[in-house]
Protein chains: 2
Amino acid sequence: MISLTELAELRSKLEMNDPDAIREILEELPPYDLRQFFFFIDEEQQKELLSYLSISKTAHLFEEMEHLDQKKQFMSLVPAALKSEIFREISSDDLADFLGEISQKEAETILTKLDQPEAENVRDLLHYPEDTAGGLMTTEYVHIMSEITASEAIDQLRRKAPDAETIYYLYVVDDSGHLLGVVSLRELLIAKPEVKIHDIMYERIISVPVDLDQEEVAKVFTRYDLLAVPVVDHNHYLRGIVTVDDVMDVLIEEAQEDFANFSGGGGDQGLFISPIQAVRKRIPWLILLLLIGLITANLINLFKPTTQKLPILLIFMPMIAGMTGNAATQSLATVIRFISNGELTKENYGKLLRQESTIAMLIGLFCSLFILGFISLSYDGRLGILVAVCLFFTLIIGTIVGTMIPMVLQAFKIDPTVASGPLITTINDVVSLMIYFGLATLFVQLISS
Amino acid sequence: MISLTELAELRSKLEMNDPDAIREILEELPPYDLRQFFFFIDEEQQKELLSYLSISKTAHLFEEMEHLDQKKQFMSLVPAALKSEIFREISSDDLADFLGEISQKEAETILTKLDQPEAENVRDLLHYPEDTAGGLMTTEYVHIMSEITASEAIDQLRRKAPDAETIYYLYVVDDSGHLLGVVSLRELLIAKPEVKIHDIMYERIISVPVDLDQEEVAKVFTRYDLLAVPVVDHNHYLRGIVTVDDVMDVLIEEAQEDFANFSGGGGDQGLFISPIQAVRKRIPWLILLLLIGLITANLINLFKPTTQKLPILLIFMPMIAGMTGNAATQSLATVIRFISNGELTKENYGKLLRQESTIAMLIGLFCSLFILGFISLSYDGRLGILVAVCLFFTLIIGTIVGTMIPMVLQAFKIDPTVASGPLITTINDVVSLMIYFGLATLFVQLISS
């Protein structure tokens with residue numbers, strides 16, 4: 001990774017105005033470092049920097065940027081004359097993503113400047129939802145026919161190598177574009193030059209349908225350790241490929257999404273966004289939880305006769321509710337992990353529920369004995385028994401709720417991470433307090449009778 | 001992905017006892033599918049299956065398994081005579097991981113069966129902590145000298161291709177093993193056959209030190225879109241390479257770890273583990289939270305004079321505490337996301353804190369007005385004002401606590417995800433209830449004076 005010192009050195013070289021020296025360094029800089037440098041210098045220097053970059057390097061810089069920066073900074077700084085040349089160099093998936101972000105009119109203007117087949121490819125990509133295999137794929141892949149020889153294939157590869165997104169897999173198609181098989185460059189190198197592709201190609205090819213969800217695409221990559229996967233339509237025509245670098249971004253994105261869901265609207269935002277936007281995402285959750293809180297308040301109010309007789313009950317209320325929520329969150333996280341690994345099947349439901357119930361019994365027993373001792377010593381033995389019995393039941397119920405809710409949501413095909421911390425905690429508040437005060441009412445009646 | 005029908009078909013082929021047919025299918029099966037099949041059939045059939053597999057396919061099956069299955073099922077089923085042959089085929093990183101899991105004596109026995117250089121490589125790998133670049137790397141890479149030509153390099157590659165983990169990057173080293181540069185196979189194919197490696201190699205090479213944390217290694221991959229990265233020691237000797245498939249596993253593992261931390265001990269477990277193990281992981285959190293709950297109970301008890309005068313206060317207690325915790329969790333998730341992206345710098349601290357404070361003010365205002373209206377209508381106007389004012393302050397404090405805690409933890413180099421949902425929620429219980437009852441006491445005094 002480029003250091004601050006290196007960035008400063010590079011900037012002073014830019015200021016010294018030595019075009020040849022600066023060009024050489026810039027061409028060697030990886031795109032990520034180039035972007036770091038671009039945002040390190042001021043606007044005048046950015047303009048100068050762009051004048052030193054080759055077209056392909058400029059395209060790489062563009063690909064590396066966020067959409068907002070592409071629109072705002074990049075487009076205004078690049079000389080209009082060079083724009084279409086640069087767009088021609090940008091890989092089709094990145095270009096389609098960008099065109100999806102700008103107005104349709106602007107997008108059309110850019111598309112007319114591309115060569116016919118390239119423009120068609122990009123137009124195609126624009127149709128697919130962003131979070132599917134089609135939205136991730138690029139059309140810059142290498143395809144060959146099955147009748148040619150290994151050495152002919154290598155020759156073809158040599159010509160296509162500069163443009164292709166990956167050259168390490170060659171996809172074999174028939175005349176009409178059906179996907180027949182794949183040959184890795186590794187196998188091609190090992191093979192005898194005169195052998196035919198159809199004799200060495202791998203026919204049990206792993207491909208993904210164009211509308212497959214990106215999370216599922218990522219699973220295919222991690223299971224089969226792939227560098228790229230071909231994307232096919234419903235007629236098994238090869239439409240593009242998804243490469244592993246895009247899949248890594250998907251893995252990170254999905255993890256952040258789960259995290260955001262689990263925290264009830266926090267977390268899933270750009271670096272610095274407008275507070276209004278953040279509030280809009282967070283408020284629906286908070287209002288929902290507020291309403292449940294008000295219901296809780298009403299329910300507690302119903303138990304007034306009990307709490308008036310035994311007001312000390314109320315001081316353990318946050319503890320009972322909190323513990324139930326915590327136990328539920330632990331179970332919830334366990335079940336969500338099963339689900340996201342794709343390991344939760346209908347056959348497993350019962351087994352997992354039994355496992356979590358056993359855990360709940362053990363945890364309930366342990367915590368209850370602990371609280372029994374504590375309250376008996378510092379308050380009163382009978383109160384200790386009451387609180388301990390309540391804690392035991394609410395912990396078990398919390399665990400079961402935490403286990404069942406994501407299962408139920410999954411059955412309804414709702415992303416279980418939205419069942420999430422805050423929601424489950426708040427629902428548990430209601431349930432646990434009902435048990436607590438219900439048992440307490442029984443208890444008070446028993447004593448007074 | 002292999003379907004249940006395909007698995008059943010495959011099993012019936014195995015039962016039909018047609019060695020040639022079954023061998024052909026098995027050799028075409030990707031390792032992941034082979035593993036699925038292995039666990040689909042019974043032990044007798046597993047034995048039979050292994051007898052049909054080639055040595056290299058057996059090694060792949062081994063690499064695909066969990067350590068526990070490697071130890072229990074695999075080792076007992078493979079004929080002893082074949083074991084050393086299989087171990088020789090297993091890639092060095094997977095073998096080292098396995099040897100780290102079994103007893104030292106057993107590991108030594110296996111190591112003596114390997115060829116001398118291979119055994120040394122694996123022994124080397126055993127020294128590195130599992131979650132560092134050294135723990136991830138493999139020694140099966142392709143290295144070349146800088147004086148040879150492109151066509152000579154391709155010839156060398158052809159010979160090494162069957163064993164190497166990746167052949168798509170060739171690492172250039174000097175006589176003593178220092179890393180000098182890298183050439184991609186793509187560049188090699190495009191280059192003129194007679195050009196020397198040192199004229200086309202890329203010297204601004206991105207490498208990682210052997211002791212770099214695996215999370216940082218993953219960041220290098222995602223930033224630079226790499227398929228493999230060379231690992232060097234402190235003298236810049238090339239020690240191995242990390243490949244992208246291992247990095248994808250790291251990304252998944254780290255996301256799960258964060259999730260487990262965030263839920264206070266849930267989630268981060270194997271498929272089905274013993275309940276005792278699960279309880280051991282969860283109990284410390286629950287006891288900690290239980291203790292904080294008891295402190296809360298004591299604190300509420302201190303406000304007895306106030307709550308006796310105004311018992312209705314107590315019914316809003318869970319709502320106040322819950323909302324504070326929810327707002328805090330949202331901020332917490334935002335900050336953790338900044339941290340895990342590596343975007344939170346000292347210069348950003350202030351900016352982020354200001355942003356979250358603005359959000360908190362807006363959220364506080366919104367929720368307070370909502371609750372003011374609600375309580376005024378259904379209970380009492382003065383109570384509405386009291387609860388609304390409290391909610392406003394506790395929401396702001398919750399947000400600030402949620403923002404600051406991970407920042408403070410990061411400053412102390414503690415993983416901020418452990419600050420996590422349950423802990424922050426419980427701490428906020430204490431803080432918010434103190435504010436609530438504190439303000440209420442003030443309020444009661446104002447009214448009665």
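UniProt positions are given in the numbering used here, and such annotations may be inferred rather than shown by experiment. The views below show a predicted model.

**Figure 1. Two spans of chain A carry the UniProt annotation "domain: CBS".** According to the unreviewed UniProt entry, the annotation covers residues 137–200 and 201–257 of chain A. Residues 137–200 of chain A are 33% helix and 20% strand, and the end C-alpha atoms of this span lie 26 Å apart. For residues 201–257 of chain A, the content is 44% helix and 23% strand, with 39 Å between the end C-alpha atoms.

**Figure 2. Chain A is divided into three domains, of which domain 1 and domain 2 are in contact.** The assignment gives domain 1 as residues 4–136, domain 2 as 143–260 and domain 3 as 275–448. A distance of 26 Å separates the C-alpha centres of domain 1 and domain 2 of chain A. To their contact, domain 1 of chain A gives 10 residues and domain 2 of chain A gives 14 residues.

**Figure 3. Helix H4 of chain A has buried residues along one face.** Helix H4 of chain A comprises residues 43–52, and its buried residues are Gln45(A), Gln46(A), Leu49(A), Leu50(A) and Tyr52(A). Viewed down the axis of H4(A), these buried residues fall within an arc of 155 degrees, so they line one face of the helix. An α-helix has 3.6 residues a turn, so residues three or four places apart point the same way. The cover over the buried residues of H4(A) includes helices H1 (4–16), H2 (19–28), H3 (31–40), H5 (55–64) and H6 (67–77) of chain A. Glu43(A) and Glu44(A), on the other side of H4(A), are exposed. The N-terminal end of H4(A) is capped by Asp42(A), which places a side-chain oxygen 3.2 Å from the backbone nitrogen of Glu44(A).

**Figure 4. Asp225 has a positive phi in chain A and in chain B.** Most residues other than glycine have a negative phi. Asp225(A), although not a glycine, has a positive phi of about 50 degrees. This residue of chain A occupies the loop between helix H15 (214–224) and strand S5 (228–232). Asp225(A) is partly exposed, at a relative accessible area of 36%. In chain B, Asp225(B) likewise has a positive phi of about 50 degrees and is found in the loop between helix H15 (214–224) and strand S5 (228–232). Asp225(B) is partly exposed, with a relative accessible area of 37%.

**Figure 5. Ser184(B) touches residues of chain A and chain B.** Ser184(B) belongs to strand S3 of chain B, which runs over residues 179–184. With a relative accessible area of 11%, Ser184(B) is buried, because buried means under 20% relative accessible area. Beyond residues up to four places away in sequence, Ser184(B) touches Tyr168(A), Tyr168(B) and Tyr169(B).

**Figure 6. Chain A and chain B are related by a two-fold axis.** The same surface serves both copies, as 99% of the contact residues of chain A recur in chain B.

**Figure 7. UniProt places the feature "transmembrane region" at several spans of chain A.** The unreviewed entry lists residues 283–303, 315–339, 359–379, 385–409 and 430–448 of chain A. Residues 283–303 of chain A are 95% helix and 0% strand, with end C-alpha atoms 31 Å apart. Residues 385–409 of chain A are 100% helix and 0% strand, and their end C-alpha atoms are 36 Å apart.

Key:
Residues are numbered from 1 along each chain as its sequence is written. Chains are lettered from A and ligands numbered from 1 in the order in which they are written. This is a predicted model: local features need pLDDT of at least 70, side-chain atom pairs count only at pLDDT 80 or more; totals for chains, interfaces and linings use all residues. Side-chain values use heavy atoms; hydrogens and water are left out. Buried means under 20% relative accessible area, exposed over 50%, partly exposed in between (1.4 Å probe, protein chains only). Helices (H or I, at least four residues) and strands (E, at least two) are DSSP runs, numbered from the N terminus. The arc is that of the directions from the helix axis to the C-beta atoms. Contact means heavy atoms within 4.5 Å. A polar contact is a pair of N or O atoms within 3.5 Å; within protein, one must be able to donate a hydrogen and the other to accept it, and residues adjacent in sequence count only if both atoms are side-chain atoms. Copies are superposed by least squares on the C-alpha atoms of residues with pLDDT of at least 70 in both. Domain bounds come from an automatic or database domain assignment.
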